Amino acid sequence: MNVVEIEGLSKMYETGFLKKKRNLALDGLDLQVKGGQIFGLLGGNGAGKTTTIKILMSLIFPTAGTARVLGRDAADVAMHSRIGYCPESPYFYDYLTANELMDYFGRLFGLDAAARKRKTDELLTEVGLAEKDRGRQLRKFSKGMLQRVGIAQSLINDPELVFFDEPMSGLDPIGRRDIRDLIAGLRAKGVSVFMSTHILSDTEALCDDVAILRAGRLAASGKLGDLLAKDDAGRSLIVEVQGVKADEIRGTVEFIGGATLEATPDGANITILDESDLDAVLAVIRKAGGRLTRVEPAKLSLEELFVRDTSA
Ligand SMILES: Nc1ncnc2c1ncn2[C@@H]1O[C@H](COP(=O)(O)OP(=O)(O)OP(=O)(O)O)[C@@H](O)[C@H]1O
Ligand SMILES: [Mg+2]
């Protein structure tokens, strides 16, 4: 089942005197997100990630198109009790303490006092907020501490689906690891996650499907593994060898079914288009006295993909 369905979504921001400045933040976006996974919405600054999430949260309204969450219109109030949301750089009424804020959100969802206390302790522990900080006012919190509270707050109602807008922003390396583990743990519990990010290492560590936005349009989407495959069928392999002189075997290797060879300091990396060519390549290498050190699928790095699909 799709947890998010977006069709022909456009958003024009009108600002300035007499709303004369117009900025098309989303331009006919279509997107479907399957449940039970961690979905990553990628894109450079200003690509439209936050705008998309705010429309899904019904905080702003689209200029055209439709957005559905859990099969309901994004504006459906009843559906909102089944989802969670942590905004980009969350900001709360900051005279409350972390414990009070959690209690406040627990009340909004109708939890009784015992459940509120239990969920508050459990979630603040899970996001790694130290016990000594839980009774302090949020206005004394650092950016990363607020981020942790924001994530804890979004989970108080045991949502089926959570939206995180840049969940790792402001976090130190330990915080990033805590939140990464938490997000992976949500998937393991069957919670669907929709997150925006431009941190590529987090995307690679967490996301199943991704979509890349560029100037409010979809530049690419699908399973991360498929997008990173260098050819459509994902069958190319890189064969790393050592102990050979690249130039001595180049002629023979490049004779095998479209294989290409690139010299390395102590050998060569050979790209073959299909596994069936592997034996022939290995025979050449052994004959030349080289040894095989690695075989792996030929992949784009996420950075290559991101740069290709996000720059104009
Ligand atoms: N309230 C607003 N008024 C006018 N323009 C806006 C507003 N919010 C966003 N925009 C514009 O909409 C476009 C998309 O912005 P958005 O915040 O959705 O990007 P983003 O992908 O979340 O970027 P970032 O990675 O920097 O968070 C940008 O051109 C931005 O200037
Ligand atoms: Mg944003």
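Mentor: Two strands pair if DSSP finds at least two bridges between them. Strands themselves are DSSP runs of E with at least two residues, and helices are runs of H or I with at least four, both numbered from the N terminus. This is a predicted model, in which local features need pLDDT of at least 70 and side-chain atom pairs count only at pLDDT 80 or more, while totals for chains, interfaces and linings use all residues. Residues are numbered from 1 along each chain as its sequence is written, and chains are lettered from A and ligands numbered from 1 in the order in which they are written.

Trainee: What makes β12 and β13 a pair?

Mentor: Antiparallel β12 and β13 (residues 267-272) share 5 bridges, and at least two are required, so the term applies. Within this pairing, Glu262 stands opposite Asn269 in β13.

Trainee: Why is β12 said to stand at an edge?

Mentor: The open antiparallel sheet has the order β12-β13-β11-β14. β12 (260-264) and β14 (291-297) each have a single partner strand, so one side of each lacks a neighbour in the sheet. From one strand to the next, the twist averages 20°.

Trainee: What lies across β12 and β13?

Mentor: Helix α9 (residues 246-253) does, running at about 175° to β12. Angles run from 0 to 180 degrees between N-to-C directions, with axes fitted to C-alpha atoms, for helices over the stretch in contact. Contact requires C-beta atoms, placed from the backbone, within 7 Å. Helix α10 (residues 278-287) also packs on the sheet, touching β11 (237-242), β13 and β14.

Conventions. Contact = placed C-beta atoms within 7 Å.
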